[in-house]
Amino acid sequence: MPTINPPLASASTDATKWRLAVCEGRQTWHYLGDNIHQLSAWKQTDYDRYWQGLPLENQQIFAQPETPLDAATNGYRFFERLQTEDGHWAGEYGGPMFLIPGLVITMYITKTPWKPGQVIEIANYLRARAHKVDGGWGIHIEGVSTVFGTALNYVALRLLGVHQDDPVCVKARACLHKFGGAVGIPSWGKFWLSVLNVYEWEGNNPIPPELWLLPYWVPIHPGRMWCHSRQVSIPMSYLYGSRFKANLDPLLLSLRKELYLQPYETIKWSLMRNNVAKVDLFLPHTKLMDICNEILFLYEKSPIKFIRDRALKTTLDQIKYEDINTDYLDLGPVNKAMNMLAIWVSDGPESKSFKNHQRRIDDFLWKTSEGLLMNGTNGSQLWDLAFCVQAIVETGLAQAPEFKKSLLKAYGFLDITQIRRNTLIDPQTCHRHISKGAWPFSTRDQSYTVSDCTAEGLKATLLLQNKVEFPANYNLTKINDDRLFDAVNVLLSMQNGDGGFASYELVRGPEWFEWLNPAEVFGKIMVEYTYPECTTSVVLGLAEFREHYPTHRRAEIDSTIARAVKYILKVQRKDGSWYGSWGICFTYAGLFALNSLSSVGLKYHNSEPVRRACEFLISKQKEDGGWGESFKSSETYEYVQHEKSQVVHTSWALLGLMAAEYPVQGNLAKGIKLIMSRQQPNGEWLQEAIEGVFNHNCYPNYKFIFTIWALGTYNNNVEINFMSGNTNCVIDQFMVFSYTRLHSNDGSWTRVAAAKLVLRIDNKRSAVELRAFVESDSFDVSATGVVLELVPFARLSALAKDALIGFKYANVPTVASESQSNTNLNTSQRSSKKSRFQVAFASAYEATQCLSSLATLGVRTKAIGETAVLSLQESNSNSVSIATKELLSNIVETSSIIHPIEVAESDDSTTHPPSDVLAVQSHTTHAAVSADFDATDPFKFLKRPTPASTPVKLAPQLISINTSADPALENTPFPSMKCSSLIYLAKGDCRPVSPIQAISKKSYDVSIPFESMSKNKQQDAFRKIMQEPDFLGMVQVASSMLIERMLLE
């Protein structure tokens, strides 16, 4: 190898001459040097510049955002510029500091030449990441210096040509010697130094390939290991069993002197097998591990040749299976470098298999402003894109015309990245899970099934196919149903016995397999584990699929979701938190767990586990309003505060709290303000601390995705006036489009969901038509006093998606006996009871959702309905469809908050709507549960012991689901609307009334031009409406400020 003479610090490449090539997710950096023709033909892109820290050309500077939605929009305008031409968002997946040395050692031994610019920039990166004080390196970029990191990266620099007297090497060598030299390096380091011939194999604990000859039923068969550990152990055992060593040369002989405190020949290597420096020792060997090592050490003194030969062949076969299945990418960079070396040893440098390995080296290298690093995989392409799509769709930004092309490109990437076949080698032979229909973490070539990636990819695909209206000239070709069914098949095949989902495969080995963990620096790596994060992704992905394909494998999907939710509740810790294994750490897991629980209706106001989770997150909020968690939480299994708030962690916490409908809005507003304060004038957010836990990886795109997601979600659910600092919250499960149309003249953002007309519309044309009508100038709000709100399924709760429900407010007396005298009440007496209401919903959480909105406005409410339930209307069961029966049966069986009760039968069968009926009943406590809301703790009443209650027998009259188009719509401004179902507002006589008919009833008096009236007259008009004897509800009105004033009175 040529020597790079000092001063190497002055050696660098020209960042403007680097280009990132992308093709179907593959991303490789190329240095063009002085090739004028290439420089002219291949122009530098925004993403080329951004990832190297160069300023973007023609940057747009935005005005200071006034709302969270403004900030989210600006953020995506910047992030969109970083999208590659094949549709994904490129990005580094760095962080670990033990990856580069393995590649450098393999390149050195195999004499594989580096491409232009690579040697200089890898050396620059290692220089930049050396500890500023002691000069060493840790296991990851934020870790303290260790023998593992320092010895391997020192060796890498020397093999790259950096002189031993270079200041970076002098300082690093002093750090290494302070730790006692390289003799105390952990097992992975011992392996790499041994193949390089600067450490003796006798100093390694045995890695016998014979383990692969065990029958699979043996609990410790390597095929039962977690795939990352399995794929690393295979080439390690092959090279160990072969006792391969590089040929010594002057540089390696010099390293034998530089790495140790005593002459190499005098070291008693057999005594070094269990010598691990204290600074490195994260997980000591168990006694069982030590006993096994001693037995195997004796065997290794004289292994049986024919058994060893067979074992070596078996492991080599597994190496080649891995190469073929992944097109020589391999699962990750560690086994990539090891497999490449093993193939060079077995097949030779001129073999086709080794050449194939060489062509995939660049897939792992990533150029930054600091140099060239090695990614933890070949990227996180699919993972980042799936989250980005969901963020843009669920915040409403997907409806903006300016972002349609970006989403179309993203959809194209989802299409090309789905894995459409199982492994080329039989999955059982190579110990892989089925992959047909799965989505990977990075690219299709990498080929590994990942449960959460499959679920997130499936959900993103469904959102784009069903909830984004693309222009006709975009020629969107949908992913066909069979491919979506394949994805669901993969997910359903991955649930474990405890109800949870692991990462790549089913849990195959026993947990006690960890007693045989040889790694010392990594814990819980021997077998797969189930995780709340992966489980949540699957729950949400299957729920989205079920919405669009309600009959496909319905029973299996419902059962899978129910078991998964039980798992998530089971693994919650006593303090309300969940331990996160794929992000940092408790904040990340809390985000996922709360979203999964929210999807089945478990929210702050009706679930004690959710309240504990929210209170845990709130307890970690910093003074500046943000959240910041250290990576040390992952190591200590206890929450460790980061010294600074992090925008990503803040976004995670906010998204989790908003999913749970946390009622104290001041906490949320402070977090949102922090995110907005960190946004740069061009719309970007700067990189802060590492976000990942797995190998302590960085996910730099998270700072765009989750901030945009949190800002947009907050804007849709919580409307805030930042100028005045006033916050009003209306958590409205049915609201999607938060338009400024309802702003009052003073500019404050206020909307109160008193009641409204809700239509479920599956036909996209109808949805667009209705929305356009509402927004058009021809829609005279002042004349009608009505606002129709479109409700896509994306924003409906899990139960509401199956049984749409409406709000029903009524002036009902507190006790039944009062009803007889109610007609004699004068106007003032009736008016005094206007804050009394009865809520009839499909479930307890839907009922108390309304109370949440009123509580945040300070409404004092008594005679609270304790709970609400679903039940079939037995007296008219013949008119209920089979699908509805199955729905109700499933809900009753799987939900912990739904309980069947007897439904009061009506004497008059004509009151029963002729179509499918969902009878909604409620338990009501009349005396002891009377409670005034406390503004600081609006759900205090839920925490009190509940006395026995008496069911109130009400006729099952409230909701009718009509599967045909409503004739009343024919003369409306949107006659083409064909609703799959409508919510009917019930009148006093219990006969179904269509929405249009309800609006036209004089008792609702909606023709009054409210905005032309004085405020006092407006109030009088609404009081008159509310006091009508047959008044049972009203649609949302234009003058939302008026409703707020009435409620506050």
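User: Why is Glu370 called partly exposed?

Analyst: This is a predicted model, and the values are computed from it. Glu370 has a relative accessible area of 29%. Buried means under 20% and exposed means over 50%, so 29% puts Glu370 in between, as partly exposed.

User: What makes Arg129 and Glu370 a salt bridge?

Analyst: The closest N and O atoms of Arg129 and Glu370 are 3.1 Å apart. The cut-off is a side-chain nitrogen of Lys or Arg within 4 Å of a carboxyl oxygen of Asp or Glu, so the pair qualifies. The pair links distant parts of the chain, 241 residues apart: Arg129 is in the loop between α5 and α6, and Glu370 is in the loop between β3 and β4. Arg129 is partly exposed, with a relative accessible area of 29%.

User: Why are Lys313 and Asp317 said to be separated by about one helical turn?

Analyst: Because Lys313 and Asp317 are four residues apart in helix α12, which covers residues 305–325. They form a salt bridge, with the closest N and O atoms 3.1 Å apart.

User: Is Lys313 buried, partly exposed or exposed, and what is the label for Asp317?

Analyst: Lys313 has 54% relative accessibility. The cut-off for exposed is over 50%, so Lys313 counts as exposed. Asp317, at 24%, counts as partly exposed.

User: How do you know that Arg360 is buried?

Analyst: Arg360 has a relative accessible area of 2%. Buried means under 20%, so the label holds for Arg360.

User: Which side chain does Arg360 meet in a salt bridge, and what does the pair tie together?

Analyst: Arg360 meets Asp327 at 2.6 Å, N to O. Arg360 lies in the loop between α14 and β3 and Asp327 in the loop between α12 and α13, so the pair ties together parts that are 33 residues apart in sequence. Asp327 counts as partly exposed, at 26% relative accessibility. Both residues belong to a network of salt bridges that also includes Arg26, Arg359, Asp363 and Asp445. A search of the whole structure finds 37 salt bridges.

User: What makes the phi of Ser447 worth a remark?

Analyst: Phi of Ser447 is near 75°, a positive value in a residue other than glycine. Most residues other than glycine have a negative phi. Ser447 is found in the loop between α16 and α17, and counts as buried because its relative accessibility is 5%.

User: Where is Arg553, and why does it count as partly exposed?

Analyst: Arg553 is in the loop between α19 and α20. At 26% relative accessibility, it lies between the limits of 20% and 50%, so it counts as partly exposed. Arg553 also has a positive phi, about 50°, although it is not a glycine.

User: Which residues make the nonpolar surface patch of about 310 Å²?

Analyst: Leu288, Trp512 and Trp515 make it. A patch residue needs over 30% relative accessible area, and Trp515 has 47%, so it passes that cut-off. Trp515 lies in the loop between α18 and α19.

User: How many residues does the largest nonpolar core have, and which contacts does Leu196 make?

Analyst: The largest nonpolar core has 226 residues, and Leu196 is one of those with the most contacts inside it. Leaving aside neighbours within four places in sequence, Leu196 is in contact with residues including Ile105, Tyr108, Val155, Leu159 and Leu255.

Key: Residues numbered from 1 in each chain as written. Predicted model: local features only at pLDDT ≥ 70, side-chain atom pairs only at ≥ 80, totals over all residues. Heavy atoms only, no water. Helix = DSSP H or I, 4+ residues; strand = E, 2+ residues; numbered from the N terminus. Buried < 20%, exposed > 50% of the residue type's maximum accessible area, 1.4 Å probe, protein only. Patch = residues over 30% accessible without salt bridge, like charges linked within 9 Å, V, L, I, M, F, W, Y side chains within 5 Å. Areas by Shrake-Rupley, 256 points an atom, 1.4 Å probe, with all protein chains shown as cover. Core = buried A, V, L, I, M, F, W, Y, C linked by side-chain atoms within 4.5 Å. Contact = heavy atoms within 4.5 Å.
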